[in-house]
Amino acid sequence: MARLPRLSVAGYPHHVIQRGNDRRAIFVDSSDQSRYLAALTDVAADQDLAIHAYVLMPNHVHLLMTPTEPLAIGTAMQALGRRYVRWFNDRHARTGALFEGRYRSTVVEADRYLLACMRYIELNPVRALLVAAPEHYQWSSYRHHTGLAIDPLITDHALYWQLGNTPFDRQAEYRRLFTNDAEAGEIDLIRRSTHGGWALGTRDFATRMGRQSMRRTERQQPGRRHQSVPN
């Protein structure tokens, strides 16, 4: 079966995952993480990408970002790979691919899943048992969103601003999002949508994204005939 073109729609947030080749480490020490973030800052500016959340894990990264052009994320990820991989290989005296061939991504229905995606991303180090609490992990956007640091890479999404009228109110409300467990199936849904390249949202949202992207945006059910994207 032919591989679907990547789902990318301007003006909507996208959750992106990129893993190390064979799930090997892509960061050896803090100098690597710092270099990656510097490169990400540059390519985001070049492609007019708004970065809303991120986490740098030892062998993969999660990014939540909104493009102004449909091809901007793909162009940015290619440029980021070239810049960082060349530097990483030179620094660590290695050759060859560092990342898997394709990054994974999903377009996100913000009203329903943006804050859930942010929580999912920033809790990765806790789920991986790297730290006991998200504020203890340096290489994520959690500390920015809770007022513990100022991260110039981050462009706060409008839904984050709606959490409160003042920075203190927004930060406190954001922290409260992390006191409750994720809804049943939420983590699995985010993972399936991102790895499958399907729209993360309601059926109506998926239909709208299909019309804009001219590709299928939902996983076909077993036994269901393929249907073309509605006009």
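Student: Among contacts in the protein between residues at least 6 apart in sequence, what percentage join residues at least 24 apart?

Tutor: Please note that the model is a predicted one. The contacts considered are those between residues at least 6 apart in sequence. Of these, the share that joins residues at least 24 apart is 70%.

Student: In what order do the elements of the protein run from the N terminus on?

Tutor: The protein has nine helices and four strands. Read from the N terminus on, their order is β-α-β-β-α-β-α-α-α-α-α-α-α.

Student: Which element gives the most residues to the largest nonpolar core?

Tutor: The largest nonpolar core has 54 residues, and Leu 63, Met 65 and Met 77 are among those that touch the most other members. The elements giving two or more residues to this core include helix 1 (30–47), strand 3 (60–66) and helix 2 (72–91). With nine residues, the element that gives the most is helix 2.

Student: Is Arg 119 buried or exposed?

Tutor: Arg 119 belongs to helix 3, which spans residues 110–122. Leaving aside neighbours within four places in sequence, its contacts include Tyr 174, Phe 178, Asp 181 and Glu 186. A residue counts as buried under 20% relative accessible area. Because the relative accessible area of Arg 119 is 12%, this residue is buried.

Student: What percentage of the residues of the protein count as buried?

Tutor: The protein has 231 residues. Its accessible surface comes to about 12,300 Å², with 48% belonging to carbon and sulfur atoms. The share of residues that count as buried is 47%.

Terms used:
Residues are numbered from 1 along each chain as its sequence is written. This is a predicted model: local features need pLDDT of at least 70, side-chain atom pairs count only at pLDDT 80 or more; totals for chains, interfaces and linings use all residues. Side-chain values use heavy atoms; hydrogens and water are left out. Buried means under 20% relative accessible area, exposed over 50%, partly exposed in between (1.4 Å probe, protein chains only). Contact means heavy atoms within 4.5 Å. A nonpolar core is a set of buried Ala, Val, Leu, Ile, Met, Phe, Trp, Tyr and Cys residues joined through side-chain atoms within 4.5 Å. Accessible areas come from the Shrake-Rupley method with a 1.4 Å probe; for residues, only the protein chains shown count as cover.
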